[in-house]
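Thanks for coming. I have one chain to go through today, and I will keep it brief.

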Amino acid sequence: MGHAGFAQSGSDIVCAAISVLVINTLNSIEELAHEKIITESDEKKGHIECHFPDEINEKTKLLMDSMVMGLKGIEQNYGRRKKYFELIIKEV
């Protein structure tokens with residue numbers, strides 16, 4: 001939620017990296033894993049939320065794990081210590 005604030009809008013590599021990982025993962029889940037996803041997003045606020053109405057399949061789990069791995073890498077370089085990004089995972 002929110003923008004990274006690493007650089008001005010349009011030049012923020014942290015925000016761009018996160019956006020690419022998340023959007024590509026959601027698109028891959030729909031196209032490659034054939035999973036139904038309900039998404040809500042607000043580009044101005046830098047917020048995207050997704051819900052899976054059904055239990056997810058193994059391909060989806062793998063794609064989500066891959067996304068989390070990428071986000072953790074970004075967090076290690078630009079995250080908590082530098083205050084540009086914090087990864088919080090909630091499973092409900």
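What pattern does the chain follow, read along the sequence? The answer is α-β-β-α. That comes from two helices and two strands, taken as DSSP runs numbered from the N terminus, with H or I over at least four residues for helices and E over at least two for strands.

Some bookkeeping. This is a predicted model: local features need pLDDT of at least 70, side-chain atom pairs count only at pLDDT 80 or more, and totals for chains, interfaces and linings use all residues. Residues are numbered from 1 along each chain as its sequence is written, and side-chain values use heavy atoms, with hydrogens and water left out.

Now the strands. S1, residues 38-42, and S2, residues 47-51, pair in the antiparallel sense over five bridges; pairing requires at least two DSSP bridges. Glu40 stands opposite Glu49 in S2. The two strands form a hairpin with four residues between them, and Gly46 in the turn has a positive phi of about 70°.

Finally, the chain totals. Of the 92 residues, 24% count as buried, that is, under 20% relative accessible area with a 1.4 Å probe, protein chains only. Among contacts (heavy atoms within 4.5 Å) between residues at least 6 apart in sequence, 44% join residues at least 24 apart.

How values were computed: Buried < 20%, exposed > 50% of the residue type's maximum accessible area, 1.4 Å probe, protein only.
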